[in-house]
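I opened my notebook today to look around one protein chain. Here is what I looked up, entry by entry.

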Amino acid sequence: MDLSQLRPAKGSTHTKKRLGRGQGSGWGGTSTRGHKGAKSRSGYSHKVGFEGGQMPLQRRVPKFGFNNVNRVEYKVINISDLEKLAEEKNITDITLDVIREAGFAKKKDLVKVLGDGKLTKTLNVTANAFSKSAKAAIEALNGTVNTL
């Protein structure tokens, strides 16, 4: 056995279909492209969404909705999560750095504290925004709320 005897496995290769080489080949005439139309021509490439001249779907369906460019997106965290975080880390001051370190938000995310769950510890929380219920729950236990 040497390199000159290497061959592809039986049935793994196919001979190329030679299109447009006369009627005797079986692939002459229209060269498997059907009759006329843009798709039968050389150099044809369709635009995305082109439907052969028919009004395309993205133009048939009406526009709707509104995107507010001034919308402020917050990552939310509940006071129950804050309490768990304070117990795990054994701290009472919860800042944005602590929240980000715990994986609740990324570096550039704004954080809003929501009032879901029970709070039993006195916490000093710093975040970008607070719901009324979260603020009331933290302040009820003599905690402090610092809005950035």
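**Entry 1: Val98.** Leaving aside its neighbours within four places in sequence, which residues is Val98 in contact with? I noted first that this is a predicted model. I then found that Val98 is in contact with Leu85, Ile91 and Asp93, with those sequence neighbours left out. Val98 has its place in helix α3. Is Val98 buried or exposed? Its relative accessibility is 16%, and buried means under 20%, so Val98 counts as buried. I also looked up a distance: the C-alpha atoms of Val98 and Gly11 are separated by 62 Å, and the two residues are 87 residues apart along the chain.

**Entry 2: the nonpolar core.** Next I asked how many residues the largest nonpolar core has. I got 18 residues, and Leu82 and Val113 are those with the most contacts inside this core. At least two residues of the core come from each of α2 (79–89), α3 (96–101), β3 (110–114), β4 (124–127) and α4 (132–140). The largest share, three residues, is supplied by α2.

**Entry 3: helix α2.** Which residues of α2 are buried? I wrote down Ile79, Leu82, Glu83, Leu85 and Ala86. A reminder to myself: an α-helix has 3.6 residues a turn, so residues three or four places apart point the same way. I then checked what covers the buried residues of α2, and the list includes β1 (74–78), β2 (93–94), α3, β3, β4 and α4. After α2 comes Asn90, and its phi is positive, near 60°.

**Entry 4: a sheet.** My last stop was an open sheet of three strands, with the order β2-β4-β6 and parallel pairing. Which strands stand at the edges? They are β2 and β6 (144–147); each has a single partner strand, so one side of each is left without a neighbour in the sheet. Another reminder: strands of a sheet pair through backbone hydrogen bonds, either parallel or antiparallel. For β4 and β6, I found four bridges in the parallel sense. I looked up Thr126 too, and its bridge partner in β6 is Asn146.

Notes. Residues numbered from 1 in each chain as written. Predicted model: local features only at pLDDT ≥ 70, side-chain atom pairs only at ≥ 80, totals over all residues. Heavy atoms only, no water. Core = buried A, V, L, I, M, F, W, Y, C linked by side-chain atoms within 4.5 Å. Buried < 20%, exposed > 50% of the residue type's maximum accessible area, 1.4 Å probe, protein only. Contact = heavy atoms within 4.5 Å. Pairing = 2+ DSSP bridges.
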